[in-house]
Amino acid sequence: MRIALTGAGGIVGGFVLRAARAAGHQVTALGRDDGWRLGLPAELRGHDALIHCAFAHAPGRYRGGEGDDPQGFRSANLDGSIRLFDEAAAAGLSRILFMSSRAVHDGWPAGTALLDDLPPRPANLYGEVKALAEAHLAALPLATTAIRATGIYGPGRANKWQGLFADYLAGRPVTPRVATEIHGADLAEAVLLLLAHPAPPATVNASDLILDRRDLLRMVAALTDCPHPLPERADASALCVPRCKELHSMGWQPGGFPGLRRTLPDLLDSGGASPPAPPEDI
């Protein structure tokens, strides 16, 4: 399949690019390194599918990524995405995959189970922009899927825990926290499953672990013989957990805690090519 991939130079797009090429797909990268950014026209004719991972935001921030320019943030990410989706439809592509976010559900009450088809209820500009882009996408006359991804981890630039590990190993206090997480490679595998599906669902969740910092740092302590005390366990009762029934029905098998344990040595060794993102959901 010939795929146009936006954001190929980013954290998420990088995982998708490597997985798609390894699977034998022909990928055209669209990103700043290639002279393209959101809002510019994209040459999509001749492609079969669009995977849209590009997102313009303040460095290291998603929620609050508008900084002091909410209008510019909205224009780039909502207007730019809508233009891209319309160009893909006009160019005759057969499907579009859009990297959305669990942030579309931030307005639901604490403890809500986030089902694949739960209607959006954003509580911030980031979630609102993603939700409005999803709505435009769903109205197009072709196969489309919005992937509501949770927090993404992995080695290299995806190592958002670099600062956390450094604080713990140095004996500095660590604030308790629990969150949902997914390895970037597992998210890329979900993208490939959706790409091959004959009738993909309009929205899917992509999440794997419910991860408490206490459990993560306990594994770090075991690998490093670090004697420092672990943070207290966080209260997980208010966590809104994404359910991933659609992806699991396609045979998706993310790595879970065994996968995290396997990659943890790489995370400990990985400083990344740039400062890591804060521990926040996408």
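Reader: What makes R18 count as lying over the face of F15?
Author: In this predicted model, R18 is 5.0 Å from the ring centre of F15, and the cut-off for the distance is 6 Å.

Reader: Why is the pair of F55 and Y126 called edge-to-face?
Author: The ring centres of F55 and Y126 are 5.1 Å apart, and rings pair within 6.5 Å. Their planes stand at 70°; over 60 degrees counts as edge-to-face, so that label applies. F55 is in the loop between β3 and α2 and Y126 in helix α3, 71 residues apart.

Reader: How do you know whether F55 and Y126 are buried or exposed?
Author: Buried means under 20% relative accessible area. F55 has 19%, so F55 is buried. Y126, at 1%, counts as buried too.

Reader: What makes F85 and F98 an edge-to-face pair?
Author: Their centres are 5.4 Å apart and their planes at 75°, against limits of 6.5 Å and 60 degrees. F85 lies in helix α2 and F98 in strand β4, so the pair ties together parts 13 residues apart in sequence. F85 has 0% relative accessibility and therefore counts as buried; F98, at 2%, is also buried.

Reader: How do you know that the span of helix α2 agrees with its number of residues?
Author: Helix α2 has 21 residues, 70-90, and at 1.5 Å a residue should span 30 Å. Its end C-alpha atoms are 29 Å apart, so the two agree.

Note on methods:
Residues are numbered from 1 along each chain as its sequence is written. This is a predicted model: local features need pLDDT of at least 70, side-chain atom pairs count only at pLDDT 80 or more; totals for chains, interfaces and linings use all residues. Side-chain values use heavy atoms; hydrogens and water are left out. Helices (H or I, at least four residues) and strands (E, at least two) are DSSP runs, numbered from the N terminus. The expected span of a helix is 1.5 Å times one less than its number of residues. Rings of Phe, Tyr and Trp (its six-membered ring) pair if their centres lie within 6.5 Å; planes under 30 degrees apart count as stacked, over 60 as edge-to-face and the rest as tilted. Buried means under 20% relative accessible area, exposed over 50%, partly exposed in between (1.4 Å probe, protein chains only). A charge sits over a ring if NZ of Lys or CZ of Arg is within 6 Å of the ring centre and within 35 degrees of the ring normal.
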